[in-house]
Amino acid sequence: MAGLSVILAFAASGSGGVDPVSLSAKGYIECAQPDESSKTCEGMATYVRQSDGSIMSVDQFVISKQPQVVVHSRTKVTLRGQSMCHMNEDVALARASFVIAGAAATEEEARSWRQWQKERLGIMYENEVCSSYPAGLKLVVVLTSIGGMPAVSDPIAIRWVRPDEGFKLVSEQAGEPLE
C-alpha cells in the first residue's frame, strides 16, 4: 500500500479535527486503508493516555502480504499545535515485534524486518512526523508533515471502527510487501 509507513504517524486533534485519544477512550479503533466489503484494515491503532499524561500509540500493521508480516508497536506521540507527532527512531523500532504467517518472528527474522522497515521509512526515519485529521469518522484522509515540512505522500484513508463492527487486519494474500 502506498504510503503505509505514514500510518506510523497517525493522528491529530484540535479545532475541527478528530481527537484520536478521545475516540480511542470511547472504544473506537483507527482502521487504515479500510475495505468495507471484507471488513479489513491494513493497519489498526488506538491511543492511550498514560498515567504520566503522555500519549502512547498502540499499532499493528500488515507490512507484507506474502508471507504475511504484521508489526506490532507502541510509540510515544506528542501534541504539537493541532497535530500529533512522533519520531521514527531506533529505540521505537527495537521495541517493535513481528508476526510472520501467524507465528512470532525469530530474533533473526525480526532484525531483518526492522532493517527493511528502517530503509522503507527513508526520510521519515529520524525526523519528527506529524499528522492531522479533518473531522469525521469514515474515510478521513490523513495530512502529514515531516520535519515541519508538508509530506509528499499518497493519502491514507482512515475509518474509525467499533469492535462490534467486525473489522480486522487484512488476511494473508499473494503479493509482495505492501508499498
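Trainee: Which kind of contact do the side chains of arginine 162 and glutamate 165 form?

Mentor: Please bear in mind that this is a predicted model. A salt bridge requires a side-chain nitrogen of Lys or Arg within 4 Å of a carboxyl oxygen of Asp or Glu. Arginine 162 and glutamate 165 meet in such a salt bridge, with 3.8 Å from N to O.

Trainee: Are these two partners buried or exposed, or in between?

Mentor: Arginine 162 has 38% relative accessibility, so this residue counts as partly exposed. Glutamate 165 has 16% and therefore counts as buried.

Trainee: Which other residue meets glutamate 165 in a salt bridge?

Mentor: The side chain of arginine 159 does so, at 2.9 Å from N to O. Here both arginine 159 and glutamate 165 are buried. These contacts belong to a network of salt bridges that links Glu36, Arg159, Arg162, Asp164 and Glu165.

Trainee: How many salt bridges does the structure hold?

Mentor: The structure holds five. One of them joins glutamate 107 to arginine 114, with 3.6 Å from N to O. Glutamate 107 is exposed, its relative accessible area being 54%, whereas arginine 114 is buried at 17%.

Trainee: How should I read a pair of aromatic rings?

Mentor: One describes such a pair by the distance of the centres and the angle of the planes. In this structure the count comes to one aromatic pair. The ring centres of tryptophan 113 and tryptophan 116 lie 5.1 Å apart and the planes stand at 75°, so the pair is edge-to-face.

Trainee: Where do tryptophan 113 and tryptophan 116 lie in the chain?

Mentor: Both belong to helix α3, residues 107-121; because they are three residues apart there, about one helical turn separates them. Tryptophan 113 is buried, at 15% relative accessibility, while tryptophan 116, at 23%, is partly exposed.

Trainee: Which residues have the most contacts inside the largest nonpolar core?

Mentor: A nonpolar core joins buried residues through side-chain atoms within 4.5 Å. The largest one here has 13 residues, and those with the most contacts inside it are Val21, Leu23, Tyr47, Ile55, Met84, Ile158 and Trp160. Two or more residues of this core come from each of α1 (20-25), β3 (43-49) and β13 (157-161). There is also a second, separate core of ten residues, among them Phe61, Phe98, Ala105 and Trp113.

Conventions:
Residues numbered from 1 in each chain as written. Predicted model: local features only at pLDDT ≥ 70, side-chain atom pairs only at ≥ 80, totals over all residues. Heavy atoms only, no water. Buried < 20%, exposed > 50% of the residue type's maximum accessible area, 1.4 Å probe, protein only. Helix = DSSP H or I, 4+ residues; strand = E, 2+ residues; numbered from the N terminus. Phe/Tyr/Trp six-rings, centres within 6.5 Å; stacked < 30°, edge-to-face > 60°.
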